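This briefing concerns the disulfides of a protein chain. Please consult the sequence and the structure shown below while reading the points that follow.

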Amino acid sequence: MTMSVLRGLAVAFLALPALTATPAPAAPTSGAPAAVLAPEPHRLSLADAVGRLPDAVEAREGYVRTAFKHWVDADRDGCTTRAEVLIDESRTKPVIEAKCKVTRGTWYSYYDGTTLTDPKGLDIDHMVPLAEAWDSGASQWSPKRREAYANDLNAERSLVAVTAKSNRSKADQDPAQWLPPLADARCTYAADWTATKLRWALSADRAERAALTDLARGCGHQDVEYVPAAGQDTSSA
């Protein structure tokens with residue numbers, strides 16, 4: 001289920017009329033599963049969040065993109081991860097054809113302030129690129145965890161629809177090497193990058209940390225919000 005559907009369910013619930021009397025909930029029957037509550041997100045200032053990033057020297061030895069199986073259909077609803085992001089981030093109702101092919105919508109690429117209506121001009125960017133994730137700790141993950149990372153629909157910051165031009169300009173660079181061309185987007189980008197690294201317990205090298213720290217100084221009250229990914233798996237691939 002996409003984030004937009006979850007938000008829609010929450011809005012529908014809030015719209016229900018209040019009842020004058022609410023009966024006490026029935027006691028759960030024996031063996032009934034307990035309700036699972038979503039974990040509360042961590043909220044920090046950008047400066048504090050950057051300070052929590054683990055320090056490590058990055059190493060890319062052994063990286064291949066195929067180590068991260070991506071654009072899967074994890075919930076088997078007929079839509080790949082790419083399609084799910086396009087549907088979720090469209091600012092108008094998207095046009096979806098057979099086999100969940102998204103052909104029309106309205107997307108805002110916040111890296112460069114560009115609005116598009118044709119998804120052919122969009123890439124789905126991994127906020128922290130796959131190669132950067134590998135360098136920062138994912139080389140020690142299991143293939144299953146790398147697949148979960150590459151298809152993370154449970155955090156809005158993990159994957160973002162942006163112009164192909166901006167995504168390919170970014171490539172696998174970190175904030176010490178590349179920032180969004182739109183200056184007004186850089187504080188949001190720094191927060192999204194840091195949130196993704198903290199969510200997945202990924203490290204930062206010295207140059208990356210310095211760049212993020214410098215950005216945080218000029219970002220005022222920019223906050224970072226994240227929920228740690230389930231099962232901080234460090235088993236060998």
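In this predicted model, a disulfide joins Cys79 to Cys100, with an S to S distance of 2.0 Å. The structure holds two disulfides, and the other one to be described joins Cys187 to Cys219.

**The link of Cys79 and Cys100**

- The angle about the S-S bond is 95 degrees, and the link of Cys79 and Cys100 is right-handed.
- Both Cys79 and Cys100 are buried.

**The link of Cys187 and Cys219**

- The S to S distance between Cys187 and Cys219 is 2.1 Å.
- This pair links distant parts of the chain, 32 residues apart: Cys187 belongs to helix 7 (residues 186-199), whereas Cys219 is found in the loop between helix 8 (206-217) and strand 8 (223-226).
- The link of Cys187 and Cys219 is left-handed, with -95 degrees about the S-S bond.
- Cys187 counts as partly exposed because its relative accessibility is 22%, and the cut-off for buried is under 20%.
- Cys219 has a relative accessibility of 9% and therefore counts as buried.

**The pairing pattern**

- When the bonded cysteines of the protein are numbered in sequence order, the pairing is 1-2, 3-4.

Note on methods:
Residues are numbered from 1 along each chain as its sequence is written. This is a predicted model: local features need pLDDT of at least 70, side-chain atom pairs count only at pLDDT 80 or more; totals for chains, interfaces and linings use all residues. Side-chain values use heavy atoms; hydrogens and water are left out. A disulfide is a pair of cysteine sulfur atoms within 2.5 Å. Buried means under 20% relative accessible area, exposed over 50%, partly exposed in between (1.4 Å probe, protein chains only). Helices (H or I, at least four residues) and strands (E, at least two) are DSSP runs, numbered from the N terminus.
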